[in-house]
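Hi,

Have a look and tell me what you think.

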Amino acid sequence: MPELPEVEALATFLRERAVGRTILRADVAAINAIKTFDPPLSALNGAWVTGAGRHGKFLDLEVAGEAGLLHLIVHLSRAGWLHWRESLPPAPPRPGGKGPIAFRLHLAPEFPEGPVAGFDLTEAGTQKRLAVYLVRDPSEVPGVAALGPDALTISRDDLARVLSGERSQLKRALTHQSVIAGVGNAYSDEILHAARLSPFKNTAKLTDDELTRLHEAMGSILGDAVERLVGQRAATLKSEKRSGLRVHARTGLPCPICGDTVREVSFADRTFQYCPTCQTEGRELADRRLSRLVK
């Protein structure tokens, strides 16, 4: 799943490639991906791109036209991605087709007779959760309105406040977007490893030192990832993300800090990784598929 650093990198990429260009049209190949109807997608025709940003893991393309200032907001979910094309085919993608394309945005050429560029939003797999919204204000998107403080800018005091009110396992709290916005499965593994904290530590029982370690780890892991990813082409962001991970998706490999073997805990539809020596005082957490979690 694209998380805060990748979405921040995509927003930067679109600011460099799309801002200032006129939108020719939007094509919809997966109607279930479109979550709003007012204003209609036709309001994008002839508008120009004025900015790009993010709200947690939501990508926000700001446009201005006859309908006023609008926001094309995208949530890529677990298997979605943005593919920039320097030259788009004139024919629209086939609606309801078997391909991965859900949405396509055409942008006017930068110079006369130049190619029509733009991007495709695609989604792999059978669980179609990619979502596209066209709204007048980002807060009209329920997921955006419910976001907690941004993980990249949250202060230590605000982090202590939101976690103390949760009373849940730390891994769950870090990935709950209404608690802290922007962190998903991969970066929560990395943050907890850097902070030397168990994924199942109760948020209400964090000591002052643990809170400080967690806040510092969140800032350094996410900040370093943003610095590494911003400036990359959209097509290389996924591989660049994987190259920077220390424990996530590295089951069975040695921990780069202590050399212990990275372990895995599996749930119904996802897994996460941790280092026993660095995070759980050498204790191995039981696999959820086999027994109850060791706390």
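In helix α3 (residues 156-164), the buried residues are Leu159, Val162 and Leu163. Buried here is under 20% relative accessible area, exposed is over 50%, and partly exposed lies in between (1.4 Å probe, protein chains only). Looking down the axis of α3, those buried residues fall within an arc of 95 degrees, so they line one face of the helix; the arc is taken from the directions from the helix axis to the C-beta atoms. Asp157 and Arg161 are exposed on the face of α3 turned away from the buried side. The cover over the buried residues of α3 includes α4 (170-175) and α6 (208-229), with contact meaning heavy atoms within 4.5 Å.

Bookkeeping: this is a predicted model, where local features need pLDDT of at least 70, side-chain atom pairs count only at pLDDT 80 or more, and totals for chains, interfaces and linings use all residues. Residues are numbered from 1 along each chain as its sequence is written, and side-chain values use heavy atoms, leaving out hydrogens and water. Helices (H or I, at least four residues) and strands (E, at least two) are DSSP runs, numbered from the N terminus.

Now the sheet. Four strands form an open sheet in the order β2-β3-β4-β8, with antiparallel pairing (a pair needs at least two DSSP bridges). β2 (48-55) and β8 (131-135) are at the edges with a single partner strand each, so one side of each has no neighbour in the sheet. β4 (residues 68-75) pairs with β8 over five bridges, antiparallel, and His71 sits opposite Val135 in β8.

Cheers
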